[in-house]
Amino acid sequence: MSDDLILSPNIDGADDFYADLLATHEGLSKEESDALNARLILILANHIGKRAILTQALAKAALNPGEDPS
Amino acid sequence: MNKIFEVPLYPYEHSEDQDAPSPVRHQVAVIGAGPVGLAAAIDLAQQGIGVVVLDDNDKVSFGSRAICFAKRPLEILDRLGCGQPMVDKGVQWNVGKVFFDEREVYEFNLLPEEGHRRPAFINLQQYYFEQYLVDRVRELQAEGKPIEIRGRNKVSAIGTHPDHVTLEIDTPEGSYNIEADWLIACDGAASPTRSMLGLDFVGRVFEDNFLIADVIMEADFPTERWFWFDPPFNRGQSALLHKQPDGVWRIDLQLGWDIDKEIEKRPENVIPRLKQMLGEDVEFELEWVSIYTFQCRRMEHFRHGRVLFAGDAAHQVSPFGARGANSGLQDTDNLVWKLKMVMEGKAPESLIDSYDVERVHGADENILNSTRSTDFITPKSLTSRLFRDAVLDLSEHYEFARPLVNSGRLSVPCTYDESPLNSADALDGPERTRPGSPCPDVPLKDGFLLDKLGDRFILLTIDAEAPDHIEEDGVAVERIALTLKDDSTQALRKRYLGESDSAVYLIRPDQHVAARRPRYDESLFRAAIRRATGKEAH
């Protein structure tokens, strides 16, 4: 794995993943969904592991206007 | 029976200084006879420097207060000749349990590394800690060492001069003045010295209150550290249960911000809370209750001319992680040898500035760690609480989340990376013994390594040649020669050699590494000695 965050399409069966994500939240209250999202972030972050990637992901997720979109 | 903290341990006595026609000059004055002030004074006195400790009180600390003492401070106390009574009396523990809501989410074992003389931690009430330090002071006095504790001597004014300080001291018999070449202020978080000198103390205030109680009970709770997040008996808050000697248990209950301290402290309010926590049928006696709030902050500088600040007077942290008294002892460990060399004319006065550099670095590390613990224990926003609870929920099921649970990162000594006293690392050796690091202990044929280090510069050779003594510009360095042939536990190789076959370490009087190389080199080690004593810049 390189130290660069992947920002090009990278998910096999992207539509299926998206549907799974919504299905996992179905029937949950806002509070339960928020908790699930927080757990999901922690699980994915641990899987990635590399601090350099995580740091880039945090910055990109902030969607700072004016930042180079590359 | 009187509690030890109710008996005057250093009652007021009339001093000859009070009758002197002009102020008597002392080498060093220390303000505050708490753990840090007493450690500073013992260190000075056992190296022959005259010291007088001034305290406005005459008793040891009231209540347990600082209770968790880490390995490095215990090693420092060994050097000060009073580690053993602390370890004999203290409670050792390795197992911790974390509870969330009504469940135990996981259990951990500190699994301390083998091959150290001292345990990772002991729990000991601060009043015992101070009593053993006072015992050591009395021992030194019996040996004729120049040390005094003056109880009920309250410093009321300080005059600062380029080469000394003047102190006005109030006593039950009126006031008198003394002078001192150097002053060490160890007078706590509310330091009157700091106020008298008009110095800053900025940082972050945490809006929270904690109730701490010492409870005596004969319950058969195991010797473990139990930490609760959001328990049924203290909803939305945290709680800690820790064992101390003499069947005394320390309980910390987070209360939140919007409370009336005086009301919460009343036994009729405290006891029902404790019954909910310990169980209705558990018999206990309440020994001491206190409520505290805390701040994380430090002075901009710990040296102000001839006045040096140490311990809580210089920096304050949250209690999570036991970094208060533990870091204060590391302050004086760092300071005293430098002061001694400067007073003896063996190093320039600028060596004292490295105390400021190194211990400010240490304070920043402690403040960072304890602030992070505080943010985990008492989340300050909904999102912060969301992630905190997510970590706790995951930790019950998955191992990966457990290192994220932060109920206090237990105190470890800091490495003085970037210190002006370090020489560049020239050994392909372990990270933990790079220049600036505190020396880790190693079991030897005849005892432990750290007992052989300290109070003077040492050249530690491992399967390497070097002279038995060197002297560089008045600084004497003595060699200790070790070999891997005696290293049956492999601890020496793992902690000091790494991939290298041989090593030579220059070790400071406070047992920190100043320089290391694979082999001895006369001119490079002489340069390293000059550098470690403030005589050579980068």
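The buried residues of H1(B) are Pro35(B), Val36(B), Gly37(B), Leu38(B), Ala39(B), Ala40(B), Ala41(B), Ile42(B), Asp43(B), Leu44(B), Ala45(B) and Gln46(B). Helix H1(B) is thus a mostly covered element, with 12 of its 12 residues buried. Buried means under 20% relative accessible area, exposed over 50%, and partly exposed in between, with a 1.4 Å probe and protein chains only. Helices (H or I, at least four residues) and strands (E, at least two) are DSSP runs, numbered from the N terminus.

This is a predicted model: local features need pLDDT of at least 70, side-chain atom pairs count only at pLDDT 80 or more, and totals for chains, interfaces and linings use all residues. Residues are numbered from 1 along each chain as its sequence is written, chains are lettered from A and ligands numbered from 1 in the order in which they are written, and side-chain values use heavy atoms, leaving out hydrogens and water.

H1(B) covers residues 35–46. From first C-alpha to last it reaches 16 Å, close to the 16 Å expected at 1.5 Å a residue. The expected span is 1.5 Å times one less than the number of residues. Gly48(B) follows the helix, and its phi is positive, near 85°.

Chain B as a whole has 12 helices and 25 strands. Its radius of gyration is 24 Å, close to the 24 Å that the globule rule gives for 538 residues, so chain B is as compact as a globular protein of that length. The radius is taken over C-alpha atoms, and the rule is 2.2 Å times the number of residues to the power 0.38. The C-alpha trace spans about 70 × 65 × 40 Å along its principal axes. Buried residues make up 58% of the chain.

| Residue | Relative accessible area | C-alpha to C-alpha distance |
|---|---|---|
| Leu124(B) | 0% | 6.7 Å to Val91(B) |
| Asn10(A) | 55% | 18 Å to Leu58(A) |

Leu124(B) sits in the loop between strand E6 (121–123) and helix H4 (126–142) of chain B. Leu124(B) is buried. Leaving aside residues up to four places away in sequence, its contacts (heavy atoms within 4.5 Å) include Ala66(B), Phe69(B), Met86(B), Tyr132(B) and Pro245(B). Val91(B) is 33 residues away in sequence.

Asn10(A) lies in the segment before helix H1 (14–25) of chain A. Asn10(A) counts as exposed. Leu58(A) is 48 residues from Asn10(A) in sequence.
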